[in-house]
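Morning, everyone. Please have the sequence and the model open while I talk.

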Amino acid sequence: MQTNYADGDPGAAQFLTVLTLIIFLFSACHKPSSKMPLPPADSLTTTSVKPPHLGTVIKKKSKKKKLYITFDDGPNKGTKNVLHIVQDEAIPVTFFVVGEHVFASTYQQQTWDSLQMADHIAICNHSFSHANQRYSQYYQQPDSVVKDFVRTHDSLHLNNTIARTPGRNIWRVDSLQFTDLKSSKIAADSLANAGFVLMGWDLEWHYNPVTMGVKQSADEMVQQIDSAFARRQMKREDHLVLLAHDQVYNKPDDSAQLRKFIKRLKDSGEYELALATSYPGALKRMKTDSFTTKPVTQ
C-alpha cells in the first residue's frame with residue numbers, strides 16, 4: 001500500500017518540509033566557487049615599482065635630426081677656408097665640385113688635391129662647365145648635359161654618382177622626384193636614366209652676388225634650420241640638405257660666420273651632421289663604370 005504523507009499524516013508532512021529546508025541550506029553553503037583558489041601567501045612573488053620622486057622629469061631620448069651641409073662651385077678661392085674650418089671643427093660636409101674649376105689653375109688643382117686627402121669629406125659632381133652660366137640654353141640639350149656630367153665623373157675619378165644640377169633645384173633620389181622648372185625635366189630625367197642620383201637642396205644660405213658676402217648671419221641660419229624642421233619643410237622628414245657656396249667664405253668676416261654657425265649646431269646637440277652619401281637612397285642606383293648618354297624623350 002502506497003502512503004501519501006501530504007494527505008495522510010500531518011507529522012510526516014512537517015518532517016518532509018524541515019528535511020527539504022535542510023537540504024537547500026546545505027547546498028547553498030557548499031556551492032563550488034568559480035574562482036581558482038589562491039596559492040599560499042609564501043609562494044607568491046611580488047614586484048614593486050617605485051614611482052619617480054616628485055619633481056623628477058623623465059625624458060624620452062629624442063631622435064637627432066639629420067643635417068647635410070653641402071658646398072657648391074669649388075674648387076675656388078673660398079674652398080681652402082671652408083676646408084680648414086670644417087676639418088678644424090671635425091664635421092662631415094659634402095663638396096659639389098665643378099670639373100672645369102679643378103683644371104683652371106695650379107692653385108685650384110692644389111685645392112682639389114687637399115679635398116681628396118681630407119677626412120670626413122664627400123666629393124660629388126656639379127657638372128664640368130656649370131652650364132657656362134647659360135642655364136636655359138644648357139638644359140635644352142639633354143644629351144649634352146649628360147656628357148657634361150660624365151666628363152666630370154670620368155676626369156676626376158669620382159667614387160659616387162651623386163650630382164647637383166647647376167642653377168636648378170632638381171631631385172632624382174630613389175623614389176624622390178622633383179624638378180623646379182619644367183623646362184629642365186627632360187635633361188634631369190636623362191641624367192637619372194644615365195645613372196646619376198640628383199640631389200637638390202631644402203634650404204640655402206644666400207649670399208650677395210655683388211659683395212660675395214653672406215646675407216644671413218650664423219644665428220639667423222640656425223633659426224631658419226630650426227624652423228624648417230619644425231615646419232617639416234624638407235623633401236624627406238628629419239633630413240635637411242643645406243646649400244652653401246664656398247666662394248662666399250673667402251673673406252674673414254664670412255668665414256667667422258661659418259665657424260660660428262658650425263659651433264652653434266654642435267652645441268645644440270639636436271643635429272646629426274652627415275655626408276650626402278648617407279642620404280636615404282643616394283647610393284642605391286650607383287653605376288660608376290657604365291653610363292649611357294641616350295637622352296630621355298617625352
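I'll take helix packing first, then some backbone points, then aromatic rings.

A word on the source. This is a predicted model, where local features need pLDDT of at least 70, side-chain atom pairs count only at pLDDT 80 or more, and totals for chains, interfaces and linings use all residues. Residues are numbered from 1 along each chain as its sequence is written, and side-chain values use heavy atoms, with hydrogens and water left out.

Start with helix H3, residues 79-88. Helices (H or I, at least four residues) and strands (E, at least two) are DSSP runs, numbered from the N terminus. Which way does H3 run relative to H5? The axis of H3 comes within 10 Å of the axis of H5, residues 106-117, and the two cross at roughly 20°. Axes here are lines fitted to C-alpha atoms, for helices over the stretch in contact, and angles run from 0 to 180 degrees between N-to-C directions. So H3 and H5 are roughly parallel. Angles under 35 degrees get that label; over 145 is roughly antiparallel, 65 to 115 roughly perpendicular, and the rest oblique.

The crossing of H3 and H5 is left-handed. That means the near helix is turned anticlockwise from the far one by less than a right angle; clockwise is right-handed. On the H3 side, Thr 79, Lys 80 and Leu 83 make the contact. On the H5 side, look for Tyr 107, Thr 111, Ser 114 and Leu 115. Contact means heavy atoms within 4.5 Å.

H3 also packs against helix H10, residues 252-268, at about 25°, with the axes 10 Å apart. That makes H3 roughly parallel to H10. The crossing of H3 and H10 is right-handed. H3 contributes Asn 81, Val 82, His 84, Ile 85, Val 86 and Asp 88, and H10 contributes Ser 255, Leu 258, Arg 259 and Ile 262.

Now the backbone. Most residues other than glycine have a negative phi, and most peptide bonds are trans. Where is the cis peptide bond? Gly 74 and Pro 75 are joined by it, with omega about -5°. Pro 75 sits in the loop between strand S1 (65-74) and H3.

Next, positive phi. Ala 131 has phi near 60°. Its loop runs between strand S3 (121-125) and helix H6 (135-138). Is Ala 131 buried or exposed? Ala 131 has 3% relative accessibility, so it counts as buried. Buried means under 20% relative accessible area, exposed over 50%, partly exposed in between (1.4 Å probe, protein chains only). Asp 174 has phi near 55°, and lies between strands S5 (170-173) and S6 (176-179). At 34%, Asp 174 counts as partly exposed.

Last, the rings. The whole structure holds 10 aromatic pairs. Rings of Phe, Tyr and Trp (its six-membered ring) pair if their centres lie within 6.5 Å; planes under 30 degrees apart are stacked, over 60 edge-to-face, and the rest tilted. Trp 171 is in S5 and Tyr 279 in the segment after strand S12 (271-273), so the pair ties together parts 108 residues apart in sequence. Trp 171 is buried at 0%, and Tyr 279 is buried at 2%.

Finally, ring pairs link Phe 71, Phe 95, Trp 205, Tyr 249 and Phe 261 into a cluster.
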